[in-house]
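Trainee: I have a model open and would like to walk through it with you. Could we begin with the overall layout and then go into details?

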Amino acid sequence: MAQDLKQELAALLQQALNSVAPTAATTAIQLERPRDPSHGDFATNLAMQLAKALKRNPREIAQQLLNELPVSPFVTSAEIAGAGFINFRLAADTKTGVVKTVLSAGPDFGRSTAGGRQKVQVEFVSANPTGPLHVGHGRGAAYGASLSSLLAFAGWDVTREYYVNDAGRQMDILGLSTWLRYLDQHGETLPFPPNAYQGDYVREMARQMTAAHGTQFLRPAADVLAGTPGLPEAGRSDDAAKQQRELHLDALIAQAKALLGGDWHYVHQHALNEQLEDCRSDLKEFGVEFEVWYSEKSLYDTGLVARCVALLEQKGHIYLQNGAKWFRSTAFGDEKDRVVQRENGLYTYFASDIAYHLNKFERGFDKVINIWGADHHGYIPRVTGAIKALDLDAAKLHVALVQFAVLYRNGQKASMSTRSGEFVTLRELRKEVGNDACRFFYALRKSDQHLDFDLDLAKSQSNENPVYYIQYAHARVCSVITQWGGDLADLGDADLALLSHPRELAIANQLGQFHEVVETAARELAPHMIAFYLKDLAAEFHAWYNAERMLVEDAALRDARVALAAAVRQVIRNGMAILGVSCPQTM
RNA sequence: CUCCCCGUAGCACAAUGGAUAGUGCAUACGCCUCCUAAGCGUAAGAUGUGGGUUCGAUUCCCGCCGGGGAGGCCA
């Protein structure tokens, strides 16, 4: 409806434009919603755009356009204002008509076909399964999930995907950490490396190993330590000490593999499965689910990584230096070339990442969206470079960088390192603040904006979270409808012309804009726009609720008002569904 | 050194290049014999700085100042 009106107006303007300025007939007609309601329902700056080409006063041109503007039943007035705007006012019944559209479309109101059923992949979270998700991951999860829902609602065919980093050193470290805790629990104690995973969940996994397999993995601590360079003194933080700690860790991993033989695979796999399952359930409780969990390891197993590097080599983008294979990413705008295969023959993380992107493109997505933490920004040139090098269409790739969430506790920054073990987990946050407030809090910020997450505020004053403001509007409508006691299906006959109060028209107007908000938000990959829209809608509703009574004596007026309230409720539900926030009936 | 994000009211955040820059918290004063006061009304309060592009700049471009973050043959 609202879209049709916009198109209708544009068509009228085009006719006027054709006769006033045939030479500039291709000027793009822009119609916008004025901020100030006194400027009408739609406004165009067409006359101002033409002013330069026609070398005439904008207001003069606007007047000519008005003279040529065809009459329409939807438009009650069109007038010149300001520097040369043309403001349109729509007929009241045109505006209130949206109420019936909302009620009949229900959950589908606002749904758009703008995406054209194109295939889009949204890859997000993709955290290493080496420990619990923390609040930083939560932001990526909330953004990715909301964005995915939004795109689906806007007509895209969405695949939500989690890239599982199940190959590589970090997973080895996790396996080792678990095993060392296991040994410790059986009395074979050696100094726990400071750069291994410290968290209690590691001890828990070790206990599970004992429960399932007893002492099968027990080895003497002395054997484990044999051949390792040993740890530097605890306090040292110089480069040499750091390097020695890493060497020590790698030596321990090598020892573990040697001493455990085939059992190493079990330890490794156990840790991976446990963490992945924990992650999956955590996200599910948060309302975040994925269609695909894509294994990094599978890229190696299927030979795609090797094939990918070979392909780059074939195309002449690889050279050898110091025994390593380098990808010439500088040829594609990167600041330096990057190693894809180390001297020791191991592929780098970057190599598997290229392979993963190749795979994404081979799966035929029209658009590939990567949601990355801001620390990956330096990564963009080399990945897009690799895509170009593979002769793929880099324009299909879109990287959305999510800025970090910085936690504040007692007015101080809290650390979020998974190594130190003193991070705040997503679980803790959800438990304290609640899933709804949590999702909404994340959604209320543009993704590329730094987020200061004040835990004390979120926890102690969660009732002031704007999510309750919107949910409360919804609950109020529910309450009114219950007391009204009628059947919503009968409201199709309501006489909406009775909705003449300015607040009522403002609400109807707001409802009519939902389509546009959905489409704009989807185009901008900005689900936060939905959140702000809902806040505005709820505000309009609360103001009306306090100013006017809905359940009045006059049955016709009552029905019209209940219909409007029900429409507000429906749009709140549709919007909140995109954001993954629930709408309780009562509060 | 290079790159990224950001400077809007006391605080936290909005604003497809448009008109009188919005919202919440905090502050002051009001509103429940009336559909849920997790609400509403009224008041006060802001675009870091200097240029440029434009009919028109919070928005785009350049410089400066200030804050935050990132840069590995790690993953």
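**Overall layout**

Mentor: Chain A has 23 helices and 15 strands, where helices (H or I, at least four residues) and strands (E, at least two) are DSSP runs numbered from the N terminus. This is a predicted model, in which local features need pLDDT of at least 70 and side-chain atom pairs count only at pLDDT 80 or more, while totals for chains, interfaces and linings use all residues. Residues are numbered from 1 along each chain as its sequence is written, and chains are lettered from A and ligands numbered from 1 in the order in which they are written.

Trainee: What box do the C-alpha atoms of chain A fill?

Mentor: Taken along the principal axes, the box is roughly 90 × 60 × 40 Å.

Trainee: And how much of chain A counts as buried?

Mentor: Of its 587 residues, 40% count as buried; a residue is buried if 20 or more other C-beta atoms lie within 10 Å of its own, exposed if 12 or fewer, and partly exposed in between, with C-beta atoms placed from the backbone. As for contacts (C-beta atoms, placed from the backbone, within 7 Å), residues 24 or more positions apart account for 76% of those in chain A with a separation of 6 or more.

Trainee: Which element gives the most to it?

Mentor: Helix 19 does, with nine residues, and the elements that each supply at least two residues also include helix 2 (46-54), strand 4 (85-90), helix 7 (169-185) and helix 22 (528-547).

Trainee: Tell me about helix 19, then: what does it reach from its first C-alpha to its last?

Mentor: Helix 19 has 19 residues and reaches 28 Å, close to the 27 Å expected at 1.5 Å a residue, the expected span being 1.5 Å times one less than the number of residues. Its buried residues are Val 467, Ile 470, Gln 471, Ala 473, His 474, Arg 476 and Val 477, and what covers them includes helix 17 (435-443), helix 22 and helix 23 (555-579). Just after helix 19, Gly 485 takes a positive phi of about 80 degrees.

Trainee: The loop beyond holds Asp 495; is that residue buried or exposed?

Mentor: Asp 495, which lies in the loop between helix 19 (466-484) and helix 20 (502-512), is exposed, because 12 other C-beta atoms lie within 10 Å. Not counting residues up to four places away in sequence, Asp 495 touches Ala 556 and Ala 560.

Trainee: Now the strands. Why is strand 5 described as largely enclosed?

Mentor: Four of the five residues of strand 5 (residues 119-123) are buried, so strand 5 is largely enclosed by the rest of the structure.

Trainee: What runs parallel to strand 5?

Mentor: Strand 6 (residues 157-164) runs parallel and is joined to strand 5 by five bridges, with Val 158 as the bridge partner of Val 120. Strand 11 (residues 367-373) also runs parallel, joined by four bridges, and there Glu 123 stands opposite Asn 370. Two strands pair if DSSP finds at least two bridges between them.

Trainee: Where does helix 6 come in?

Mentor: Helix 6 (residues 135-153) makes a right-handed β-α-β unit with strand 5 and strand 6, right-handed meaning that, with the strands pointing away from the viewer, the path from the first strand over the helix to the second runs clockwise.

Trainee: Which strands pair in the antiparallel sense?

Mentor: Among them are strand 3 (residues 75-81) and strand 4, over six bridges, where Glu 79 stands opposite Asn 87. Their hairpin has three residues between the strands, and in it Gly 82 takes a positive phi near 55 degrees. Strand 8 (residues 318-321) and strand 9 (residues 324-327) pair in that sense too, over four bridges, and their hairpin has two residues between the strands, with Asn 322 at a positive phi near 50 degrees.

Methods:
Two residues are in contact if their C-beta atoms, placed from the backbone, lie within 7 Å.
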